[in-house]
Amino acid sequence: MDKEFRIIPENEPERQYYFIELAKKLREEKENETGRPLTYHVTTFGCQMNARDSEKLTGILEAIGYTCEEKEEEADFVIFNTCTIRDNADQKVYGRLGYLHGKKNRDRKRVIALCGCMMQEKSAVEKIKKSYPFVNIIFGTHNIYKLAELICSACQFEDTMVIDIQDGSNEIVEDIPSLRKYPFKSGVNIMFGCNNFCTYCIVPYVRGRERSREPEAVIREIEKLARDGVKEVMLLGQNVNSYGKGLLRNISFAELLKEVEKVPGIERIRFMTSHPKDLSDELIEVMSSSDKICRHLHLPLQSGSTRILERMNRRYTKEQYLELALKIREKIPDIAITTDIIIGFPGETAEDVDDTLDVIEKVRFDGAFTFIYSKRKNTPAEKMPDQVPRDLAQQQFDRVLSKVQETAREMAGKRTGKTEKVLVEEKSDHSEGFVSGRLSSNLVVHFRGDESLIGQIVNVRLDSCKNFYYIGERV
Ligand code: 5AD
Ligand code: SF4
């Protein structure tokens, strides 16, 4: 018989489609052994970027033909897409791994894969090799698209741990399958990585240098999403305001937004995250004159003290932040501004926290994520001498938290009695017969309605504000 030849394609994504086919065959063989479908579960830790990466992982697993299993411990193939932004994110992963290992599978050995930010840290991988040897596959943030290839390797070498970590990448692999969590909204990566090197932050080390996707690729993806029924897109990047650097065509983030606005079927556009140092007047202008760009801006402050901001390498002062935020409030009066704040950064005193409270008081944030500083390996802040004791940080944290809750409550309440558009997202857990959705400002609203409304944009009167959400009525 003539020998059959198979040439593994060199270029992506063709190479991955080859491995998806191979992994499909391997899955079918295993399924024939036990007579039941092979199942998967993807567990996501961390931010919107990871959530989007998980949709890509899910897309590949579905293309291989695995069946989704809702319960993590029941699945044959489990992936943890990890986060390492603060130490407690790492601890969660170790905790879950231990728990999962303790739960035996039915009739088959469970395959466990770990990927994402935490895997880009050498010390974490060493710890897993030593203390969690039952893990089968480890990969990082730069090669999510290689999942099928890694599954094939793991099948070939059953009792080994397959590890594939790249230190960095300039390559952006397009057209990888993905399965969206919601049919009506989707995240869209517009850039990867970060060049800012805030001194506390591990992201530039684990996500690599900043790389923007070509605008044509972004628009093509959004057009396809719109054809599939998506109404809302969230453009994702660590610092969307510096979008476009290094691309063939000179294009700013504001210009990209204008192109996204033109895509028929897209009714709402959100984006995350904005670095205050790069937010342009052009962007404010484009936002204020658009009826598709949502009235929400996430603008991380981190600290209100110029002295601490300098030590954080944020490259703006308290006054510059205030000027920017107040300008945005003036030009776009109905906008919601939310923020991130870190408490207990090395050297932070009660007076520095007073400055942070002052900014909260003046900007009147609509919401804030507040974090206690967490020391990350090999970041400049790790080596700063004046680390703040945990109990002191906690005291300051409590002051900041009660202040942001006060302004967020007040800002949310201002919409009482108004009628606004809501994109209905799901069945509400608030009351039987209710659904819930989001305003343009990102506030959640619960109102009476049936599930057929999910995915639609409807007018809702905001009757009563319950601290951080509304109960309303469809009008
Ligand atoms: N400790 C605490 N919070 C951090 N963040 C980033 N790094 C750290 C750290 N080492 C916060 C910042 C950032 C958000 C995503 O996480 O506020 O904006
Ligand atoms: Fe981290 Fe700063 Fe980059 Fe945000 S801008 S990801 S906080 S280094």
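# A tour of the predicted model

Across this predicted model, the salt bridges come to 42, counting a side-chain nitrogen of Lys or Arg within 4 Å of a carboxyl oxygen of Asp or Glu.

**Stop 1: the domains.** Colour the chain by its domain assignment: domain 1 covers 3-164, domain 2 covers 185-413 and domain 3 covers 419-474. Then show domain 1 and domain 2 together. Their C-alpha centres are 31 Å apart, and the contact draws on 18 residues from domain 1 and 24 residues from domain 2.

**Stop 2: the interface of domain 1 with domain 2.** The size of an interface is often given as the accessible area lost when the parts come together. Here domain 1 and domain 2 bury about 1,700 Å² between them, with 53% of that on carbon and sulfur atoms.

Side chains of opposite charge can pair when their charged atoms come close. Between domain 1 and domain 2 there are 3 salt bridges. For a salt bridge to inspect, select Arg207 and Asp53, whose closest N and O atoms are 3.2 Å apart.

**Stop 3: helices H2 and H5.** Select residues 48-64 for H2 and residues 147-156 for H5. The two helices pack at an angle of about 55 degrees, and their axes lie 9 Å apart; H2 and H5 are therefore oblique to each other. Now show side chains. From H2 come Leu57, Ile60, Leu61 and Ile64, and they meet Leu147, Ala148 and Ile151 of H5. What kinds of residue make up the contact of H2 with H5: nonpolar, polar or charged? The contact has 7 nonpolar residues, with no polar and no charged ones.

**Stop 4: helix H4.** Select residues 122-131, which form H4, and pick out Lys129 and Glu126. The side chains of Lys129 and Glu126 form a salt bridge, at 3.2 Å from N to O. Within H4 the two residues are 3 residues apart, about one turn of the helix.

**Stop 5: backbone exceptions.** Most residues other than glycine have a negative phi, and most peptide bonds are trans.

- Pro13 sits in the segment before helix H1 (14-34).
- Thr273 belongs to the loop between strand E11 (268-272) and helix H9 (281-288).
- Look for Gln302 in the loop between strand E12 (296-298) and helix H10 (306-311).

Technical notes. Residues are numbered from 1 along each chain as its sequence is written. Chains are lettered from A and ligands numbered from 1 in the order in which they are written. This is a predicted model: local features need pLDDT of at least 70, side-chain atom pairs count only at pLDDT 80 or more; totals for chains, interfaces and linings use all residues. Side-chain values use heavy atoms; hydrogens and water are left out. Axes are lines fitted to C-alpha atoms, for helices over the stretch in contact, and angles run from 0 to 180 degrees between N-to-C directions. Helices (H or I, at least four residues) and strands (E, at least two) are DSSP runs, numbered from the N terminus. Angles under 35 degrees count as roughly parallel, over 145 as roughly antiparallel, 65 to 115 as roughly perpendicular and the rest as oblique. Contact means heavy atoms within 4.5 Å. Ala, Val, Leu, Ile, Met, Phe, Trp, Tyr, Cys and Pro count as nonpolar, Asp, Glu, Lys and Arg as charged, and the others, Gly among them, as polar. Domain bounds come from an automatic or database domain assignment. Buried area is the accessible area (1.4 Å probe) that two parts lose on being put together, summed over both.
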